[in-house]
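Let's take a look at some rings and greasy side chains. Have the 3D view open while you read.

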Amino acid sequence: MSWSAVARNQSGALTREQLRRGGVTDDRIDHFLLTGALERHANGVYVVRGAPISYRTRMWVGVLATAGVVGFDAAAYLWGVLDAAPARVHIVVPHTRRVSIPSGVRLYRVPVPDEARSTFEGVPVTARWWTVLDVLGRMRADAAYRLADRALQQRWITLDDIRRRAAAFPGRTGNRILRLIAAQCGDGAAAQSERLLHAILRRAGLTGWHANLPVFAGEQLVAVLDVAFPAAKLAIEVDGWAFHSDADRFQRDRHRQNALHALGWTVLRFTWADLTTRPSYVAATIRAQLARAS
């Protein structure tokens, strides 16, 4: 492949070594630099004159200058996990690698196993599941709960991913929040979610509700509702994270919800993130539905 084709594939960036492999001598490279045909952006890394300096170009400069991979928030932006790109490109390299950090790059020195490496349109990047775990570990708890809820719904990560990561790297920054998230996915998650919901209802002064209320269609049990307001035929269900990662349970719950609707029930669903970070929203939504029912 010609050096110009390499530059096109790398958003205008390339290294001295790539130029040499493309048949360009060092003297010619120095001439290109002198005349402005190439612009130096890092030690041994150049951008072809006329190429727009896009965020993707800056990623390539960071990768080529450090032999690292795009990671953390920059990788999350590529994968669509985060909506906005960080001001500086986040690059991950091993602890032992000595590098000169290019301008506009934030360096992370953490291990990335082979199975956690990927590419995004040619850019070396941490795999999406690994990226999500990296980002979760550096978030505040409320934001981490919301992202984990979304990531599990979208099948970006699994409960096993969270547990394996925390076990494989026991001293790594971010493991505390990952362990908290894993705990909410575990066997006691449903009970804890229901206790939180009950506390929200009590604080809001909402009455007339029953926990774990069975609903029958004739003699057939349709559902056992997490919380029910029988007079208003209002059911409150809490979707734990395990719910999102279990396809069979997801399908069963949709069938159950359809059966409840056929019996005249309204179903409101809330997530763990709702209960822990937006309790006032939960209470207000329930109160509004009760007002409509009355």
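## A patch on the surface

Phe216, Leu221 and Val224 make up a nonpolar patch on the surface, and together they have about 270 Å² of accessible area. Keep in mind that this is a predicted model.

Find Leu221 in strand β10, which covers residues 220-229. With a relative accessible area of 44%, Leu221 is partly exposed.

## Rings that pair up

How many aromatic pairs does the structure hold? There are seven aromatic pairs. Take Trp3 and Phe32: they form a tilted pair, 5.9 Å centre to centre, with 40° between the planes. Trp3 is in helix α1 (residues 3-9) and Phe32 is in helix α3 (residues 26-35), so this pair ties together parts that are 29 residues apart in sequence. Is Phe32 buried or exposed? Phe32 counts as buried, because its relative accessibility is 13% and the cut-off for buried is under 20%. Trp3, at 23%, is partly exposed.

Now hop over to Phe270 and Tyr281, which form an edge-to-face pair: 6.0 Å centre to centre, 85° between the planes. Phe270 belongs to strand β12 (residues 266-271) and Tyr281 to helix α14 (residues 279-293), 11 residues apart. Phe270 is buried, with a relative accessible area of 1%, while Tyr281 is partly exposed at 35%.

## Charges over rings

Ring pairs link Phe169 with Trp129 and Trp130 into a cluster, and Arg172 lies over the face of Phe169, 5.9 Å from the ring centre.

Conventions. Residues numbered from 1 in each chain as written. Predicted model: local features only at pLDDT ≥ 70, side-chain atom pairs only at ≥ 80, totals over all residues. Heavy atoms only, no water. Patch = residues over 30% accessible without salt bridge, like charges linked within 9 Å, V, L, I, M, F, W, Y side chains within 5 Å. Areas by Shrake-Rupley, 256 points an atom, 1.4 Å probe, with all protein chains shown as cover. Salt bridge = Lys/Arg side-chain N within 4 Å of Asp/Glu carboxyl O. Helix = DSSP H or I, 4+ residues; strand = E, 2+ residues; numbered from the N terminus. Buried < 20%, exposed > 50% of the residue type's maximum accessible area, 1.4 Å probe, protein only. Phe/Tyr/Trp six-rings, centres within 6.5 Å; stacked < 30°, edge-to-face > 60°. Lys NZ or Arg CZ within 6 Å of the ring centre and 35° of its normal.
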